[in-house]
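Please find below a short note for a colleague who is meeting this structure for the first time.

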Amino acid sequence: MKKISLLLCCVLLTSVVAYGQLNVIVQGDNLIIDSTGYPPKMQSAYILMMQKCNQCHSIERIIIGVQSGICPLSKSAFTKETTTKIVTRMFLKENSNMTRENARDIVEFLNFLLEQKTTLVKKTDDNSGKVWHSFSSSR
């Protein structure tokens with residue numbers, strides 16, 4: 001887990017300014033996305049992505065892909081041009097429990113994330129957030 005967090009920090013350090021806001025929150029060994037400032041449709045898509053994608057892999061894998069532009073395992077591109085292909089591959093897996101509409105919403109959410117500026121936040125024991133650094137996603 002420490003390697004993933006370190007990799008994420010390195011990726012974020014080498015980024016360029018974009019727009020929007022992607023708040024990545026560190027809670028213990030977990031990374032999550034703070035979607036509270038997102039449009040309602042994107043908030044719903046985030047919840048859907050957490051339900052469907054977390055069945056097989058961690059949200060950290062998605063965050064790293066979004067931030068680096070590279071899928072962590074396959075090393076293939078993770079861009080707006082490839083998100084449909086990536087999600088379709090997941091949709092076709094036997095136990096994905098995804099509908100075509102679910103897959104379409106997840107693709108739309110991933111493309112939304114690819115446009116966002118990133119802030120890394122660490123949650124303390126009392127649930128107050130402390131911003132470590134503000135980084136930008138490379139585009």
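Which residues of the largest nonpolar core touch the most other members?

1. The model is a predicted one. Its largest nonpolar core has 30 residues, and those touching the most other members are Tyr38, Met49, Ile106, Phe109, Leu110 and Leu113. At least two residues of this core come from each of strand S1 (22–27), strand S2 (30–34), helix H2 (40–53), helix H3 (59–68), helix H4 (83–91) and H5. The greatest contribution is that of H5, with 8 residues.

2. Beyond its neighbours within four places in sequence, Phe109 contacts Tyr38, Met42, Ala45, Tyr46 and Met49.

3. Gln116 is found in the loop that joins H5 to strand S3 (118–123). Gln116 counts as buried because its relative accessibility is 5%, below the 20% cut-off. A polar atom of the Gln116 side chain lies 2.8 Å from the backbone oxygen of Phe112. The C-alpha atoms of Gln116 and Leu22 are 5.2 Å apart, although 94 residues separate the two along the chain.

4. On confidence, the protein chain has an average pLDDT of 77, with 69% of the residues scoring at least 70. Helix H5 (residues 100–114) has the highest mean, at 96, and strand S4 (residues 129–135) the lowest, at 39. Over residues 129–139 the pLDDT is below 50, yet the model gives this stretch 44 contacts beyond near neighbours in sequence. Residues 10–19 also stay under 50, with 23 contacts beyond four places in sequence. Where pLDDT is low, the predicted coordinates should not be read in detail.

Terms used
Residues are numbered from 1 along each chain as its sequence is written. This is a predicted model: local features need pLDDT of at least 70, side-chain atom pairs count only at pLDDT 80 or more; totals for chains, interfaces and linings use all residues. Side-chain values use heavy atoms; hydrogens and water are left out. pLDDT is the predictor's confidence in each residue, from 0 to 100. Helices (H or I, at least four residues) and strands (E, at least two) are DSSP runs, numbered from the N terminus. Contact means heavy atoms within 4.5 Å. Buried means under 20% relative accessible area, exposed over 50%, partly exposed in between (1.4 Å probe, protein chains only). A polar contact is a pair of N or O atoms within 3.5 Å; within protein, one must be able to donate a hydrogen and the other to accept it, and residues adjacent in sequence count only if both atoms are side-chain atoms. A nonpolar core is a set of buried Ala, Val, Leu, Ile, Met, Phe, Trp, Tyr and Cys residues joined through side-chain atoms within 4.5 Å.
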